Every structure is written in structure tokens, then in C-alpha cells.
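Subject: Structure handover

Dear colleague,

Here is the structure we discussed, passed on to you with notes.

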Amino acid sequence: MIRRFRIDEGGVHMIRTLIAGNWKMYKTIPEAVDFAERLKEELSTLPEGRDVAIAPTFTALHAVSGIIGGSLIKLCAQNLHEAAEGAFTGEISAAMICDAGCSHVIIGHSERRTLFGETDASVNRKMQSALAAGLKPIMCIGETLEQRECGETFSVIERQVKAGLHDLGAGDMAVVTIAYEPVWAIGTGKTATPEQAQEIHAFVRGIVTAVYGSDVAATLPIIYGGSVNPGNISAIMAQPDVNGALVGGASLDVDKFVKIVRY
Ligand code: PEP
């Protein structure tokens with residue numbers, strides 16, 4: 001299997017693999033706590049170079065943090081508000097997410113873009129806010145079925161990548177992950193073929209190379225999301241530019257999620 005490497009003063013480093021579970025608006029606090037306890041037991045060790053994160057709802061973050069703190073499982077929020085604080089009823093800031101124990105945050109998920117009006121510009125402001133607070137953002141991009149069928153996939157992806165990363169420095173990029181999630185594959189049971197995923201991941205890496213240079217691009221984790229399950233994870237992960245997975249539905253079941261993590 002081909003893997004990307006970075007060479008620095010400490011020697012050669014492989015891009016770490018990230019498997020992240022996005023729980024969306026599922027699980028009450030007791031359900032989230034129970035899941036976290038079971039997951040912690042199952043994942044007391046991880047394969048070399050592999051990171052795992054779970055993204056519960058906001059209300060469960062603090063309780064789940066109490067369970068997985070000190071374990072190998074990282075805590076991720078599903079969204080944030082771009083402002084540091086203010087009169088934004090119902091919103092949650094980056095500092096509050098850190099406070100709840102998160103190291104990561106998902107930004108620009110397609111459900112946020114299509115259902116809640118998020119734009120490339122707001123995604124970029126959220127990226128800046130997350131980075132300023134010391135969070136590691138997972139920036140989601142992906143084309144709709146209509147865009148794919150109209151031959152617009154590459155232009156949409158290029159626009160989302162460039163706009164989402166606008167004004168971010170090379171140093172910021174050290175903690176950024178990009179998640180390619182074709183909208184037509186999310187929650188539909190339709191997975192992109194490994195070759196389709198690889199094509200877009202390589203394209204994204206090419207855009208990042210053009211903007212930031214090959215050192216940054218060669219170490220950028222680009223993860224795939226869209227109906228990932230225990231049966232298709234290995235083929236997707238065998239692609240050279242796929243560095244992990246963002247998992248929705250299958251991450252709600254401990255056994256399935258553990259199988260995906262240990263693909
Ligand atoms: C997601 O919500 O990011 C996702 C990829 O969902 P699913 O795995 O259910 O398609």
C-alpha cells in the first residue's frame with residue numbers, strides 16, 4: 001500500500017490515519033456515556049499511526065469528555081459559531097467547545113451547508129475561529145449529485161477548498177484535516193468507489209500543493225466520508241490519498257465503529 005511521508009528533523013513521519021464518528025443529532029446523554037464507556041474498553045489500544053475521534057451532540061460533550069479523557073479517543077464537536085462570544089442565542093463558540101474537552105471540530109458538513117445555509121465564506125470564518133482557539137478543524141467538502149452529473153465536481157471541489165482555506169497559513173495547515181464527502185453518498189448507502197474517492201483526494205492534494213507547496217500537501221490528512229461501513233472501509237483505505245474516514249450512520253453502533261477503526 002502506498003502511503004505519504006513527511007521528512008523532518010526527527011526523521012520520516014507517516015500521515016496519521018483519522019477515523020472520526022459523526023453522531024449528528026442522535027443519542028441522549030446516558031446513551032452517549034454508555035457508548036463512550038464501551039468504546040473506551042474496546043479501543044484501549046490502537047494500530048500504530050491511527051487516531052480515533054467521536055463527535056457527540058453539544059449537550060453530551062462534557063459528559064463524554066469525562067469518560068474518554070486520558071484514553072486514546074479524541075473528542076470532536078460537530079459545529080461552532082464563528083464569533084468568539086456575543087449575543088448569538090443558541091450558538092456555541094470555539095472556546096466553549098475547548099472548555100467541554102474537544103480537540104477537534106467538524107466544519108462545513110454538507111448538512112450544515114444545505115440545511116442551515118452555511119457558505120464557503122462562513123466555513124472559512126469558522127476555520128479561522130477554530131484555529132485561533134487551538135482546535136483541529138475537519139473541513140468538509142463535496143459535490144451534490146446534480147453537480148456531479150453536470151460535470152461540475154472538480155470546479156465545486158476547487159472552490160470549496162480554496163475558499164474554505166482562504167488566508168490560512170502553512171502553520172495552520174499542520175492541524176487541518178479535509179474530509180471529502182460527496183453529498184450523494186452521505187446517509188444514502190451509496191459509497192463513492194475507491195477510485196472515485198482517490199481521484200478527488202488526489203485533486204484536493206494537487207490544489208493544496210499549488211497553494212501551500214508540496215511539503216504541506218504531502219502531510220495533509222484527507223479523509224473520506226459517505227456511507228462508510230465495516231465492509232467497504234478496507235478498499236477505501238487502500239487508496240494512496242485516503243488518510244481516514246468520517247463516519248456517520250455506522251459510527252452510532254459500537255461494534256460497527258470498532259470494526260471500521262480496526263479495518
Ligand atoms: C457524515 O455524516 O459525515 C456521513 C458520512 O454519514 P454516513 O456515513 O451516514 O453517510
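Is E143 buried or exposed? The model is a predicted one, and in it E143 has a relative accessibility of 0%, so this glutamate counts as buried. In the chain, E143 sits in the loop that runs between β7 (136-141) and α6 (145-149). Its side chain has a polar partner: a contact of 2.9 Å links it to the side chain of W184. With neighbours within four places in sequence set aside, E143 is in contact with R148, T153, V156, I157, Y180, P182, V183 and W184.

The ligand

The ligand has 14 residues around it, and those that come nearest are K24, E181, G187, S227 and G248. By class, this shell divides into four nonpolar, eight polar and two charged residues.

- E181: an N or O atom of its side chain is 2.6 Å from a ligand oxygen.
- G248: a polar backbone atom is 2.8 Å from a ligand oxygen.
- N22: an N or O atom of its side chain is 3.3 Å from a ligand oxygen.

The ligand taken alone exposes 290 Å², and the protein buries 95% of that.

The nonpolar cores

The largest nonpolar core is made up of 67 residues, and L165, I178 and V208 have the most contacts inside it. Helix α9 (residues 194-212) supplies the largest share of this core, namely six residues.

Two residues with positive phi

D167 is not a glycine, yet its phi is positive, at about 70 degrees. D167 belongs to the loop between α7 (153-164) and α8 (170-173). Because its relative accessible area is 62%, over the 50% cut-off, D167 is classed as exposed.

S227 also has a positive phi without being a glycine, at about 55 degrees. The loop that holds S227 runs between β9 (222-225) and α11 (233-237). Why is S227 classed as buried? Its relative accessible area is 17%, and the class applies because that value is under 20%. S227 is also one of the residues that come nearest to the ligand.

E118

E118 is found in the loop between α4 (110-115) and α5 (120-132). Its relative accessible area is 9%, so E118 is buried. Which side chain makes a polar contact with the side chain of E118? That of R112 does, at 3.0 Å. Not counting residues up to four places away in sequence, E118 touches N79, G108, R112, R113, V123 and K126. Between E118 and I107 there are eleven places in sequence, and their C-alpha atoms are 9.7 Å apart in space.

Regards

Technical notes:
Residues numbered from 1 in each chain as written. Predicted model: local features only at pLDDT ≥ 70, side-chain atom pairs only at ≥ 80, totals over all residues. Heavy atoms only, no water. Near = heavy atom within 4 Å. Polar contact = N/O pair within 3.5 Å; in protein donor to acceptor, adjacent residues only side chain to side chain. Areas by Shrake-Rupley, 256 points an atom, 1.4 Å probe, with all protein chains shown as cover. Nonpolar A, V, L, I, M, F, W, Y, C, P; charged D, E, K, R; others polar. Helix = DSSP H or I, 4+ residues; strand = E, 2+ residues; numbered from the N terminus. Buried < 20%, exposed > 50% of the residue type's maximum accessible area, 1.4 Å probe, protein only. Contact = heavy atoms within 4.5 Å. Core = buried A, V, L, I, M, F, W, Y, C linked by side-chain atoms within 4.5 Å.
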